[in-house]
Amino acid sequence: MLINGVDVKLRGVNRHDSNPSTGCAVTIDQMKQDLTLMKAHNVNAIRTSHYPGRPELYYLCDKYGFYIMDEADVEIHGVDGLYSPVWEEDYNKHAFSAEISDNELYSASVTDRVKRCVIRDKNRCSVVIWSMGNESGYGCVFESALEWTKKFDSSRLTHYEGALHAPHDRKNDYSNIDLYSRMYPSIDEINEYFRKDFDKPFIMCEYSHAMGNGPGDLEAYYKVIQKYEGHCGGFVWEWCDHAVELGKTADGKVQYGYGGDSGEELHDGNFCVDGLVYPDRTPHVGLKEFKNVNRPVRVLGYDRKTGTVEFENILDFTNIKDVLDIKYEVTCGKEVIERGAIIDRELLDIHPHEKRSIPIMVHISDKSKCYIKFDYVQRVKNLTTDEGHSFGFDQISLNDAAIDENIFIREPEEKYNTGTAIEIEENYRRVVLAGENFVYAYDKRKGCFESICVEGTEILKKTMEYNIFRAPIDNDRIIKEQWYAAGYDKSVIRVYDTFVKKEDEGISIRSSAVISAPHVQKIIEFQVSWKVSLSGKINMKLEATRNVEMPYLPRFGLRLFLDERMDQVEYFGYGPYENYSDKHQSSYLGLFRTDAETMHENYIRPQENGSRCGCRYVRLFGSGVHWSIISKKDFSISVSKYTQEELCAKRHNFELKESGNTVLCLDYKQSGVGSGSCGPQLSEEHRFDERKFCFECCFMRPELTDTEEEISETKQCK
């Protein structure tokens with residue numbers, strides 16, 4: 001697909017006229033808000049799903065610079081609910097509502113709707129594609145509409161995804177359709193299309209279902225779009241969450257309602273709460289992800305010998321020197337060691353779709369892991385974004401050194417290591433270890449600690465837990481049925497045996513255990529070793545074998561319940577936003593400080609949220625207590641005021657009740673998020689389906705730092 005001779009990729013979204021207060025009656029200011037947000041997040045195209053927008057939208061798109069797929073107001077989707085045994089047999093072999101789409105009685109009315117769209121918007125330069133409608137089957141009705149459109153306007157491309165669902169008992173005419181359109185194709189399907197002989201460019205009129213905590217596959221789709229000249233790009237489903245504003249609760253929380261909240265019998269639940277922005281247009285993390293995946297510049301590589309970085313201009317018509325500066329920041333461990341900027345217009349003379357290597361002279365050490373982060377910053381204010389606005393970033397490694405997790409330790413172990421032996425008291429239920437100003441109690445039935453008490457202050461509010469479940473996200477709507485059937489939500493720990501051993505440097509406790517549900521076979525078998533040093537540091541090593549007959553795991557890790565005031569968080573990992581293995585393009589590696597409230601992503605339907613992956617260190621503090629966990633291998637964390645049980649139980653975010661604890665999840669791994677609520681199921685590379693795995697981390701001795709009055713308010717040891 002060429003526009004003015006240039007191979008253009010559509011980095012688009014599906015958009016409805018929608019507002020939580022005014023419904024489908026949107027104002028010009030509301031449209032401007034949508035379009036300026038889109039421009040700020042690197043959206044260049046809009047599909048007017050599933051009807052033409054109000055006329056002013058096109059004027060604004062001409063002015064601001066968007067490509068539009070203009071879709072006629074044709075939708076026969078609801079008729080597929082008619083009783084049809086043939087329909088139930090095979091979705092792909094039979095058309096949507098062929099009794100309408102292949103019935104000449106409807107040709108005049110469908111063509112009339114297409115005509116009204118085309119004739120009204122024919123002079124709008126932003127319109128580059130005419131779409132015949134949405135999910136309405138195929139047959140003579142649409143062949144007539146397409147024939148009229150091509151005769152009236154041969155200068156633009158035509159689109160109709162419904163052609164994929166054409167009847168098989170007739171000779172179908174596709175000659176007036178210019179694009180091969182798909183909804184939610186898998187990456188494998190796209191690759192297969194281009195391996196065969198094809199005669200039409202490939203376009204995704206819907207992909208990457210952005211419902212709730214998602215989408216998690218944007219980078220994968222970006223790569224396959226760039227891979228093939230014949231791939232035009234596509235339109236993420238969709239722009240905004242559709243929900244009705246119902247006022248505020250007594251404590252000031254906004255209430256959004258969705259399907260079923262008005263007592264209606266037929267509804268789609270929260271299935272229309274599926275956008276990149278909340279109803280009030282606050283961006284989801286998914287929109288930030290879209291923005292950075294579609295950044296205007298990409299780093300292709302770094303040559304350590306010459307100190308040059310190769311950049312590629314992803315823009316279609318604009319030279320980088322005319323619009324952007326490139327700022328950079330070098331970090332080493334937890335320190336920022338250098339900042340700079342590339343503002344030389346000659347160096348930034350990178351033509352559209354071209355590459356250039358630029359020398360970046362930075363001084364780094366080979367003793368610690370170093371990264372450089374490039375920010376692509378707007379030079380001059382334009383119609384939609386201001387000078388200094390960042391359009392995205394890249395972060396790359398500058399050396400091969402390992403991350404030294406010890407640099408994050410606040411207090412050296414020697415401060416507490418007096419050489420005093422640890423006393424052991426053991427019975428059938430627990431092991432109690434008493435050292436220098438600490439007492440730890442290990443629950444032999446649970447295979448982990450029930451008490452961490454330092455200088456008279458209890459750190460744990462409840463016994464630690466092994467955790468394999470998560471509050472299902474919207475994109476888990478299919479796999480979660482398998483998780484429930486496997487009992488992941490009801491799993492329990494069964495410890496077979498526990499051995500305690502004195503060692504020169506402390507005490508080791510080793511337990512053999514399984515995780516299972518009451519009604520099914522074992523899910524995981526594992527052996528865990530806990531080594532408590534004389535100073536009070538705890539090293540954990542867990543070696544596990546998963547039952548591969550069971551579904552892939554949502555997660556595996558430890559869940560800790562801490563004092564609710566211990567809600568301040570410092571971590572080294574991906575941040576500053578929520579991220580997962582397949583959803584971390586909007587985040588970068590660094591040292592971040594935040595809190596439990598900020599880490600919570602307030603999706604309208606509560607679900608798993610707030611994870612940070614790629615961590616090597618986390619410290620929780622507040623109310624006079626600091627507690628750090630480090631590891632030589634990446635792990636994930638989440639810190640929340642809410643339990644996963646509470647997130648599962650409530651239909652709306654305004655109904656959530658805080659647990660009274662700070663809930664810390666330390667995960668060896670968590671499955672990705674994908675876009676399986678409507679798209680393909682989660683790709684294998686992001687599923688937690690390892691047969692064997694090993695989880696290691698080190699719990700530093702908790703530190704008490706503040707006044708005696710603050711400490712006395714925390715839970716005391718029993």
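**Strand β5 and its neighbours**

Let's start with β4, residues 45-47, which pairs with β5 in the parallel sense over three bridges. Before I go on, keep in mind that this is a predicted model.

If you want a residue pair to click on, take arginine 47, whose bridge partner in β5 is methionine 69. To get from β4 to β5, the chain goes through helix α2, residues 56-64, and this β-α-β crossover is right-handed.

On to β6, residues 127-131: four bridges join this strand to β5, and the two run parallel. Here the pair to look at is isoleucine 68 with its bridge partner in β6, valine 127.

So how covered is β5, residues 67-71? Mostly covered: five of its five residues are buried. Now look at where the side chains go. In a regular strand they alternate between the two faces of the sheet. In β5, Tyr67, Met69 and Glu71 point one way, while Ile68 and Asp70 point the other way. Note that Glu71 and Asp70 are among the buried ones.

**An open sheet**

Okay, next stop. Here we have four strands forming an open sheet, in the order β16-β15-β18-β19, with antiparallel pairing. The edge strands are β16, residues 335-342, and β19, residues 390-397, each pairing on one side only. From one strand to the next, the twist averages 20°.

Let me zoom in on β15, residues 324-332, and β18, residues 370-378: these run antiparallel and are joined by nine bridges.

**Asparagine 579**

Last one, and this time we're in a loop. Asparagine 579 sits between β31, residues 568-575, and β32, residues 588-595. Is asparagine 579 buried or exposed? Buried, with a relative accessible area of 0%.

What does the side chain of asparagine 579 reach at 2.6 Å? That's the backbone oxygen of tyrosine 577. There's also the backbone oxygen of tyrosine 574, which lies 3.0 Å from a polar atom of the asparagine 579 side chain.

And if we leave aside the neighbours within four places in sequence, asparagine 579 is in contact with Tyr574, His584, Ser587, Ser611, Arg612 and Cys613.

Notes. Residues numbered from 1 in each chain as written. Predicted model: local features only at pLDDT ≥ 70, side-chain atom pairs only at ≥ 80, totals over all residues. Heavy atoms only, no water. Buried < 20%, exposed > 50% of the residue type's maximum accessible area, 1.4 Å probe, protein only. Polar contact = N/O pair within 3.5 Å; in protein donor to acceptor, adjacent residues only side chain to side chain. Contact = heavy atoms within 4.5 Å. Pairing = 2+ DSSP bridges. Axes fitted to C-alpha atoms, helices over the stretch in contact; angles between N-to-C directions. Right-handed = clockwise from strand over helix to strand, strands pointing away.
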